[in-house]
Amino acid sequence: MAPRRTAQVAITALLLLGCAYVLSPFFAAILFAGTVAITSWPLYARLHAYLRGRDSLAAITMTLLLTALLLVPMIGLAASLTDAVMSLVELIRAAIEASDGRPPAWLKEIPLVGGDIDAYVRKLTRSHDEVRKLGLQAVEPARKFALGLGAMLGQGLLQISLVLFIVFFIYRDGARISAQLETAAARLGGELGRQLLELAGNTVKAVMIGIVGTAAAQALVAFIGFVIAGVPGALLLAAGTFFLSLVPVGPPLLWGGAAFWLYQQGDSGWAIFMVLWGALAVSSVDNFLKPFLISRTASLPILLIALGAFGGVLAFGFIGLFLGPTFLALGQALFAAWTAITPAAHEADSTEGLA
């Protein structure tokens, strides 16, 4: 009996390892698809009821809605951002090659600090040839960075496409998958297993609502500011703000660039408005709304959100922006649930188990 039991365990272990090896390239996409499905399940349930319980139709409709919300804006953002960065790099290269070593005239006109910056740049540019050479050397890394940024956005598009493909099947078979997970959790951990499964679902919803809700609010506020200031491509810039809001200090790259463009056009007043709007309105949304949403649900510190976003990108690529904070929030919640069990209760549970 023992050899037979050992053979069964060995075969099961090899099967699980084989499955994990085959699915490892899609691990992050599967996790993110599950996260999206859990968060949007209430909306899918309403759509499913409206379509009279037709699973496939409801699943494909929900997937198409997500495609319109996620994939289409990302495609436009990736194309526009890559072209804009490359054009900026070429513009800087041409300006450096045509420069006589003197700082541009507009630099001195910057309020408050323009004169000091102009004087400092003139002091640095006494050797015109060396400065020009240094500037041209700096352009090449910038060009490579732009290409790398485009590659990362392209990878993000592929990952999101794969996520949308997987999430269709999760929607379609969601009821069966949920029942299987509840059965597995009950067999492995009993009542505690069921509690942890429920905790995992609630934590995922909390983090996704906090992060995505804040990003959507920042994008809306930024869009209003862009429209008021007359910045072209306001909708595209708002979409970029949504995605960059997932990264700490991301939105200032866009509203700061918009303010610089307005100043270059001679609209100093609107440039100042854009800076104030970005610093006081857009950033305040992140400072107040995100802690409010997450603290009411997952109680995730802002430090863990930042670490989760950066670490998630390094570990999983673009979709790590969502997965990283979710993992840390779930880990914190599970640790809190584990440490909430008093030694007396744990001893009582052990005694009951022995009995």
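This report describes a predicted model of a protein chain, from its overall make-up to selected residues.

## Basis of the model

Because the model is predicted, local features are taken only where pLDDT is at least 70 and side-chain atom pairs only at pLDDT 80 or more, while totals for chains, interfaces and linings use all residues. Residues are numbered from 1 along each chain as its sequence is written, and side-chain values use heavy atoms, with hydrogens and water left out.

The predictor's confidence in each residue is given as pLDDT, from 0 to 100. The chain has an average pLDDT of 75, and 67% of the residues score at least 70. Confidence is lowest in helix H13 (residues 343-354), with a mean of 49, and highest in H2, at 86.

## Overall make-up

The chain contains 13 helices and zero strands. Here helices (H or I, at least four residues) and strands (E, at least two) are DSSP runs, numbered from the N terminus.

Of the 355 residues in the chain, 32% are buried. Buried means under 20% relative accessible area, exposed means over 50%, and partly exposed lies in between (1.4 Å probe, protein chains only). Contact means heavy atoms within 4.5 Å. Among contacts between residues at least 6 apart in sequence, 71% join residues at least 24 apart.

## Aromatic pairs

The structure holds seven aromatic pairs. Rings of Phe, Tyr and Trp (its six-membered ring) pair if their centres lie within 6.5 Å; planes under 30 degrees apart count as stacked, over 60 as edge-to-face and the rest as tilted. One of the pairs is formed by Trp41 and Tyr171, whose ring centres are 6.2 Å apart and whose planes are at 25 degrees, so this pair is stacked. Trp41 belongs to helix H2 (residues 27-50) and Tyr171 to helix H6 (residues 128-172), so the pair ties together parts that are 130 residues apart in sequence. Trp41 is partly exposed, at 30% relative accessibility, whereas Tyr171 is buried, at 1%. Trp41, Tyr44 and Tyr171 make up one aromatic cluster.

Another pair is that of Phe273 and Trp277, with ring centres 5.6 Å apart and planes at 35 degrees, so the pair is tilted. Phe273 and Trp277 are four residues apart in helix H10 (residues 268-295), and are therefore separated by about one helical turn. Phe273 is partly exposed, at 23% relative accessibility; Trp277 is partly exposed, with a relative accessible area of 23%.

## Salt bridges

The whole structure has two salt bridges. A salt bridge is a side-chain nitrogen of Lys or Arg within 4 Å of a carboxyl oxygen of Asp or Glu. One joins the side chains of Arg172 and Asp173 at 3.3 Å, N to O. Another joins Arg176 and Asp173 at 3.6 Å, N to O.

Asp173 counts as buried because its relative accessibility is 19%. Arg172 is partly exposed, at 31%, and so is Arg176, at 48%.

## The second largest pocket

Rolling a probe the size of a water molecule over the atoms shows where empty space is left. On a 1 Å grid over the protein atoms alone, a pocket is an open set of points where a 1.4 Å probe fits, with protein on both sides within 12 Å along at least five of seven lines; lining residues have an atom within 4 Å of a point. Grid points are joined across faces, edges and corners, and a volume is the space filled by probe spheres set on the points.

The second largest pocket holds about 1000 Å³ of space. Its lining has 26 residues, of which Gly34, Ile38, Ile177, Leu181 and Leu197 lie nearest the centre. The elements giving two or more residues to this lining are H2, H6, H7 and helix H12 (320-339). H7 provides the largest share, 13 residues.

Gln218 is located in helix H7 (residues 174-229) and is buried, with a relative accessible area of 2%. Apart from neighbours within four places in sequence, Gln218 contacts Thr241, Ser245, Pro251, Val282, Ser283, Val285 and Asp286.

Ala58 lies in helix H3 (residues 55-98) and is buried, with a relative accessible area of 0%. With neighbours within four places in sequence left aside, Ala58 contacts Tyr44, Leu47, His48 and Leu51. Ala58 and His48 are ten residues apart along the chain, and their C-alpha atoms are separated by 5.2 Å.
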